[in-house]
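Here's a quick briefing on side-chain contacts and pocket space, grouped by topic. Have a look at the model first.

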Amino acid sequence: MSTAAAPVRTLRTGTVLADLLPASRVRDLALVAGGAALTGLAAQLTVPVPGSPVPVSGQTFAALLVGTALGARRGFLALALYALAGMAGVPWFAEAASGYAMPSFGYVLGMLLAATVVGALARRGADRSVLRTAGTMVLGSAVIYAVGVPYLALATGMTLGQAVAAGLTPFLIGDALKAALAMGALPAAWKLAGRKG
């Protein structure tokens, strides 16, 4: 007696994980608000870095996951809500900070752009395999640093080399671990979604 395998649903490129939920404006609003809240919660997971005004936090990982899972438009809106609410006084930036007069605010701006970039790549299937997910996370992190490090230099009066030493180099190992987590989680979520239905 043979056992038939469970049907595997083919999920077309052009969709992101959030598109697997029933479509509605309420869904989109909830996803945007939830993405902002997730980023704010993850930002509270911090470890100070000696000699740097920028702590290691979970907010960059959350921002990249939000962008990838929600897509470019909703990812941008979620991170825009996160940034605007934080600028308005919600204490949900890293270390319960708020406002825009802090040396690490450039990273928040970089996350806004990175969520958009990784969301656009996810629409093209860049989160469905381990290697493509790794490339997507590396590119997203590079976008965050491309904005955050020069902003750090301008805000503190550091040279660019000092800003790289204080605002990039200490974070590379953590970023590699975050990318490894995403490399496992995102393709697994797609495989699970493909088996349902």
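Which kind of contact do the side chains of D28 and R74 make? They meet in a salt bridge, 3.0 Å from N to O, where a salt bridge is a side-chain nitrogen of Lys or Arg within 4 Å of a carboxyl oxygen of Asp or Glu. Keep in mind that this is a predicted model, so local features need pLDDT of at least 70 and side-chain atom pairs count only at pLDDT 80 or more, while totals for chains, interfaces and linings use all residues. Residues are numbered from 1 along each chain as its sequence is written, and side-chain values use heavy atoms, with hydrogens and water left out.

**Salt bridges**

- Side chains of opposite charge can pair when their charged atoms come close.
- There are six salt bridges in the structure.
- D28 sits in helix α1 and R74 in helix α3, so their bridge ties together parts that are 46 residues apart in sequence; helices here are DSSP runs of H or I with at least four residues, strands are runs of E with at least two, and numbering goes from the N terminus.
- Both D28 and R74 are buried, as judged by relative accessible area with a 1.4 Å probe on protein chains only (buried is under 20%, exposed over 50%, partly exposed in between).
- D28 also meets R73 in a salt bridge, at 3.8 Å from N to O.
- That pair links distant parts of the chain, with D28 in α1 (residues 25–42) and R73 in α3 (residues 72–87), 45 residues apart.
- Buried or exposed, how does R73 count? R73 is exposed, at 54% relative accessible area, whereas D28 counts as buried at 18%.
- Zooming out, D19, R27, D28, R73, R74 and R123 are linked in a network of salt bridges.
- Elsewhere, D175 and K178 meet in a salt bridge of 3.9 Å, N to O.
- D175 and K178 both lie in helix α7 (residues 172–195), three residues apart, or about one turn of the helix, and both are buried.

**Aromatic rings**

- The count of aromatic pairs comes to five; rings of Phe, Tyr and Trp (its six-membered ring) pair if their centres lie within 6.5 Å, with planes under 30 degrees apart called stacked, over 60 edge-to-face and the rest tilted.
- Y82 and F93 have ring centres 5.2 Å apart and planes at 75°, so this pair is edge-to-face.
- Y82 is buried at 0% relative accessible area, and F93 is buried at 1%.
- F93 and F105 make a tilted pair, 6.0 Å centre to centre with 55° between the planes.
- Since F93 lies in the loop between α3 and α4 and F105 in helix α4, the pair ties together parts 12 residues apart in sequence.
- One aromatic cluster takes in Y82, W92, F93, F105 and Y151.

**Largest pocket**

- The largest pocket holds about 220 Å³ of space.
- Its lining has 19 residues, with V54, P55, S57, Q59 and Y107 nearest the centre.
- β2 (56–57), α2 (59–70), α4 and α7 each supply at least two lining residues.
- On method, a pocket is an open set of points on a 1 Å grid over the protein atoms alone, where a 1.4 Å probe fits, with protein on both sides within 12 Å along at least five of seven lines; lining residues have an atom within 4 Å of a point.
- Grid points are joined across faces, edges and corners, and the volume is the space filled by probe spheres set on the points.
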